[in-house]
Amino acid sequence: MRIKVSNVNQAAWKDINVHANLPEELKKLEELAYNLWWVWNTDAKNLFRHIDADAWHAAQSNPVVLLNTLSYDKYQELRADAEFMAKLDKVYKEFRKYMDAKRDPKKPSIAYFSMEYGMTSILKIYSGGLGILAGDYLKEASDCNVDMTAIGFLYRYGYFTQTLSPEGQQIANYEAQNFNNLPLKQVKNADGTNLVVEVPYPGRVVYSYLWEVSVGRIKLYLLDTDNELNSDWDKSITHQLYGGDWENRIKQEILLGIGGTLALKKLGIKKDVYHCNEGHAALMGLQRLVDYVEEGLSFNEALEVVRASGLYTCHTPVPAGHDYFEEGLFYKYMSEYPAKLGIDWNQFIGMGRQNPDNGGEKFSMSVFALNTCQEANGVSYLHGKVSQKMFSPVWPGYFPEELHVGYVTNGVHLPTWASSEWKAVYNKYLKKGWYNDQSNLDMWAPYNDIADDEIWATRMALKIKLIDYIKEQFHETWMKNQGDPARIVRAMNNMKPETLIIGFGRRFATYKRAHLLFNDLERLDKLVNNPNYPVQFLFTGKAHPADGAGQGLIKRIIEISRMPQFLGKIVFLENYDMSLAKRLISGVDIWLNTPTRPLEASGTSGEKAQMNGVLNFSVLDGWWYEGYREGAGWALTDKRTYENQAHQDQLDAATIYQMLENEIIPMYYARNSKGYSPEWVQTIKNSITKITPIYTTKRMMDDYFDRFYNKEAKRHALLAADNYKVAKEIAAWKENIVAHWDAIECVKLDLPEGLLNAPKVGEKYKLHVELDTKDLNDKGLGVELVAVRTSTHNNDKLYDVKELPLVKTEGSKLTFETEYQLDYAGNLKFGFRMYPKHDLLPHRMDFAYVRWL
């Protein structure tokens, strides 16, 4: 017998997770570590840092990792440290006071669904602006003590970590998260077993674990399919954020909308309003419909109840940015749902089509959200207008400006994004209680009286902090990618706090126009290398792995940054995440934003910069369209000069150079004997007092309650009361209108001869319309005059709408009359529009039947 050198079978490893066993006196640390309140509380963060600064740094500012790496001896040392124990008691007392505050029971409760959340860089379940916004919103909900529960995904790999090849090519690295090292806890059943959410997929059930993240007073529940109960095919649903093909995307959106709703149901959580943050979560409305139908309501009755409590927020300004699914793929995953709802397939898929009868149209999650949510909004004033135009095909009987689609301009969470240095200044000088009333401009007035010296000293401290951070964080990667140590030293030496530093950080999509500055390299060379007035540009951002054009922009900027004349003057910082963002938006002098109008839905990075005395220089688009104030930053016009985008880009680049050369740089370097420009500091004061308070999540939260949450909660309560009595009445009324709509006849439409043949400004004309409703037996109809003017681009533009009151009812006939006065000379077109009318409808789009008479 031959004896083999070795004989080893496959190791049978068993995963166990050993948590730190803290002494009783230090248990408070664990409670603090597992609540993200520490992310925006400076004292709590400093408490963890004070334990062991090196260990805190090595743990990447993750308190869970920190506590798990400390030795037994270190814990004994902390117990004996009276100063540390006093700090712990102080922070914990503040935390408990915060957590134990009573909620206002009269405020509506909210369920919030989002594909991503950016709350801290250690929890990698975000990619960019949408996630950061959602994370900020949860923090603000906590600060405002809102009854909110949020739903999302716990991604195994999240979004990618960006590195760069020596040639400047973006490399996307997907790094697995170790959930046991994160500030979250797995949800368990009463018997200690893992809670599992069973989500129906075609021919199978997908099993999702649930993890709980405490965001101050708010609970965020994260779905996780990467477990042994699922096949490899389904484990990957929660692997990557925005990864995979369209089939993976629909699997994710089923899990978020349907699985998220089932998770809330399993937890016994019901809310007044269900808020869909982007179309990814639109199917939450579908599962809610199924639940109400199973409860005994008809489909139409269920739709009334679901719509009344649904809000859809759109963050995308172009149709191409929304999710559309081919009917074949959609049928594969959703074919069982029409039977659950008691409708047929065409009715069901039609709910996701702009034209329900167009069999060739793909299913749109955004359209489905519009049809299952009573309210919808864009994320800035301008984006609200853009959204009205974008969604107008869903309601073809109305002009865009008549639509119910509103807006709430995004804001940012002040305690997260204001640096500790600025928070100390605000606490020192602003009125007591300013934080709870932070969106009130009057609370910020004392900022104008702060000495210029102190403001400038704060700004310089943050610039030095940024430069030190860059030198520490990027020295190794620069050495790897650029090779020549002399070049690295030269680049580092060119980074000086006295220099005017301009930052540009965002997703590298082509419409963001990161390339604008590089249209004229000769002019850029003169700008950055002026010995008396030097300027430095810092760029950062990721391109989606499938966006070749965006990756090409990054590569081009890196190539330019390595040219001798731009070394250390044009710098690209890799792996844009929350940690880098915090340093950048507080450490530069100017935040530059150059999107193609009107493609910036809101943008929030400039709002974050605002809070740190950084001045904005941006196209008048998104939030800056509303936020810009003269003397508090700089703006590129929102008007287009050229239809040709390349020509417009050249003009905008030239304008940027002209404003930098003639206004911005001279102001910055107009320094007094103390080494700073008084005019620059005054601009900072104007910016912070006139703009910053308006663009916080506090104002944003107040707007959502005032414009949407309050009225939806009130209407939903009305419809649901007394076993859904009103919902059933409205559904029956609509069914009656629909059944008789086509039979309604316009028997008389009288227009005065003078109006048709010789109309005059100032004249009044009597208008008369008679309808025969036949067997409808309902007076719930309205008639209105619609006047349009033809624009210079030959488009019909709504000019006026005037309702004709119902003046007489005789049998099945309704008579409408009014007097109309012309107040415009020029070409007008008139039409008459018939529509259903009911006092309990929230708006016309809720039942958008229209007949032109």
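Start with the lining of the second largest cavity in this predicted model: six of its residues are nonpolar, one is polar and three are charged. To show them, select P200, Y201, P202, K332, Y333, M334, S335, E336, Y337 and K340.

Strand β6 (196–201), helix α13 (327–334) and helix α14 (337–341) each contribute at least two residues to the lining. Helix α13 has the largest share, with three residues.

Now move to the hairpin. Select residues 161–164 for strand β3 and residues 170–173 for strand β4; the two strands pair in the antiparallel sense over four bridges. Then select the five residues between β3 and β4. In this turn, G168 has a positive phi of about 90 degrees.

The last stop is a pair of helices. Two packed helices are described by the angle between their axes and the distance between the axes. Select residues 284–295 for helix α11 and residues 299–308 for helix α12. Their axes come within 9 Å and cross at roughly 130 degrees, which means that α11 is oblique to α12. The crossing of α11 past α12 is right-handed.

Definitions and conventions. Residues are numbered from 1 along each chain as its sequence is written. This is a predicted model: local features need pLDDT of at least 70, side-chain atom pairs count only at pLDDT 80 or more; totals for chains, interfaces and linings use all residues. Side-chain values use heavy atoms; hydrogens and water are left out. On a 1 Å grid over the protein atoms alone, a cavity is a set of points where a 1.4 Å probe fits but cannot get out, and a pocket is an open set with protein on both sides within 12 Å along at least five of seven lines; lining residues have an atom within 4 Å of a point. Ala, Val, Leu, Ile, Met, Phe, Trp, Tyr, Cys and Pro count as nonpolar, Asp, Glu, Lys and Arg as charged, and the others, Gly among them, as polar. Two strands pair if DSSP finds at least two bridges between them. Axes are lines fitted to C-alpha atoms, for helices over the stretch in contact, and angles run from 0 to 180 degrees between N-to-C directions. Angles under 35 degrees count as roughly parallel, over 145 as roughly antiparallel, 65 to 115 as roughly perpendicular and the rest as oblique. A crossing is left-handed if the near helix is turned anticlockwise from the far one by less than a right angle, and right-handed if clockwise.
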